[in-house]
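Subject: Structure handover

Hello,

Here is the structure I promised you. Please open it and keep it beside this email while you read.

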Amino acid sequence: MLRATVTVDEKTAEARRGALKPAEPVSVASPRRWTAPDGVGFVELLDTFGDDLTVVNAARVSFAKESAEMCERDGKLIKYLADHHHVTPFFHPQARFRIKMPIFVAREWYRHQIGFARNEVSRRYVDSRPECWTPANEDLRARDPRAKQGSRPDPIAEAAWSQARIEKFQREAVAFYEELLGVGVAPEIARCVLPQSMYTEFIETGSLAAYARLCGLRLGPDAQREIQAYAGAVSELMEGAFPVSWQALSPSKGSD
Ligand SMILES: Cc1cc2nc3c(=O)[nH]c(=O)nc-3n(C[C@H](O)[C@H](O)[C@H](O)COP(=O)(O)OP(=O)(O)OC[C@H]3O[C@@H](n4cnc5c(N)ncnc54)[C@H](O)[C@@H]3O)c2cc1C
């Protein structure tokens with residue numbers, strides 16, 4: 001199962017408990033990273049632009065006012081803005097991530113478009129050996145006959161057999177891809193034999209509001225468990241960078 005376990009330092013934890021302190025800046029030199037249990041997928045926070053004060057000052061410009069440091073009043077303003085869907089001040093802070101996830105998860109992730117910019121590795125040009133996400137036995141969940149989408153929490157009885165077959169299938173698909181490259185087929189065509197479980201990697205920049213919306217939807221109980229893990233990792237990293245705003249937007253309720 002893909003579960004988010006982001007390590008947070010003491011300062012972030014303190015901010016999370018509600019202290020109105022600016023978060024530690026994140027830079028390319030000190031990225032914060034969550035790695036998926038298979039050791040291949042990851043979410044890495046590369047950089048942030050702005051902080052909780054950016055939200056406050058975007059809102060306060062209406063009254064030609066500015067805060068130099070976060071205070072309790074500013075925290076209340078952020079909560080008021082979030083509670084009353086005054087969303088534009090949350091468009092100003094931005095975060096940039098490098099993310100590696102299976103294509104079937106990325107297909108869902110990319111549906112969130114407003115407020116995001118993305119650039120992705122291209123298999124037209126790159127022909128390195130593809131990596132695939134292989135479900136663990138417990139990930140081979142049974143179909144839920146009552147739900148239009150989704151699965152039951154428990155795995156099927158034949159999970160071990162299915163897992164072994166999936167692994168074999170993936171190995172053969174990758175070997176076939178490499179055979180096609182070997183006889184001169186261009187990478188952009190040879191990739192057609194690769195499975196949806198193949199990992200892809202992209203850089204994504206989005207606003208605080210956009211990430212709150214994405215996490216709100218993808219942390220919901222009806223979201224697929226595999227995307228929930230990635231949304232959970234992003235959520236923890238965003239909470240570390242924008243503690244007051246993230247708490248106020250509370251993505252588990254959704255946002256717009
Ligand atoms: C649990 C779950 C199941 C899903 N199942 C399916 C499925 O079966 N099939 C499927 O196709 N999709 C499915 N989706 C994807 C879903 O339909 C959305 O595309 C996705 O959640 C992105 O939503 P978003 O509001 O973040 O989109 P964004 O495109 O990022 O838009 C953000 C917001 O901008 C506004 N906006 C965007 N475009 C317009 C527009 N043209 N006009 C007016 N306002 C606009 C809306 O307020 C919108 O909410 C599912 C999503 C979830 C969370």
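A136 is partly exposed, because it has 14 C-beta neighbours inside 10 Å. The cut-offs: buried takes 20 or more other C-beta atoms within 10 Å of the residue's own, exposed takes 12 or fewer, and partly exposed is in between, with C-beta atoms placed from the backbone. A136 sits in the loop between β4 (116-120) and β5 (141-143). Its C-alpha atom is 9.9 Å from that of P37, although the two residues are 99 apart along the chain.

Two notes before you go on. This is a predicted model: local features need pLDDT of at least 70, side-chain atom pairs count only at pLDDT 80 or more, and totals for chains, interfaces and linings use all residues. Residues are numbered from 1 along each chain as its sequence is written.

Helices (H or I, at least four residues) and strands (E, at least two) are DSSP runs, numbered from the N terminus.

Now the sheet. It is open and has five strands, in the order β1-β2-β3-β7-β4, with antiparallel pairing. Strands pair if DSSP finds at least two bridges between them. β1 (32-35) and β4 are the edge strands, and each pairs on one side only. Neighbouring strands are turned by 20° against each other on average, direction ignored. β4 pairs with β7 (residues 199-207) in the antiparallel sense, over five bridges. N119 has I203 in β7 as its bridge partner.

Next, the helices. Axes are lines fitted to C-alpha atoms, for helices over the stretch in contact, and angles run from 0 to 180 degrees between N-to-C directions. The axes of α2 (residues 52-60) and α3 (residues 72-83) come within 10 Å and cross at roughly 75°. Therefore α2 is roughly perpendicular to α3; that term covers 65 to 115 degrees. On α2, the contact is made by D52, V55, V56 and A59; on α3, by D74, L77, I78 and L81. Contact means C-beta atoms, placed from the backbone, within 7 Å. By class, this contact has six nonpolar, no polar and two charged residues. Ala, Val, Leu, Ile, Met, Phe, Trp, Tyr, Cys and Pro count as nonpolar, Asp, Glu, Lys and Arg as charged, and the others, Gly among them, as polar.

Last, the ligand. How many residues surround it? There are 10, and the closest are R111, H112, Q113, I114 and L217. A residue counts here if its C-beta atom, placed from the backbone, lies within 6 Å of the molecule. The shell has three nonpolar, two polar and five charged residues.

Best wishes

Notes: Angles under 35 degrees count as roughly parallel, over 145 as roughly antiparallel, 65 to 115 as roughly perpendicular and the rest as oblique. Two residues are in contact if their C-beta atoms, placed from the backbone, lie within 7 Å.
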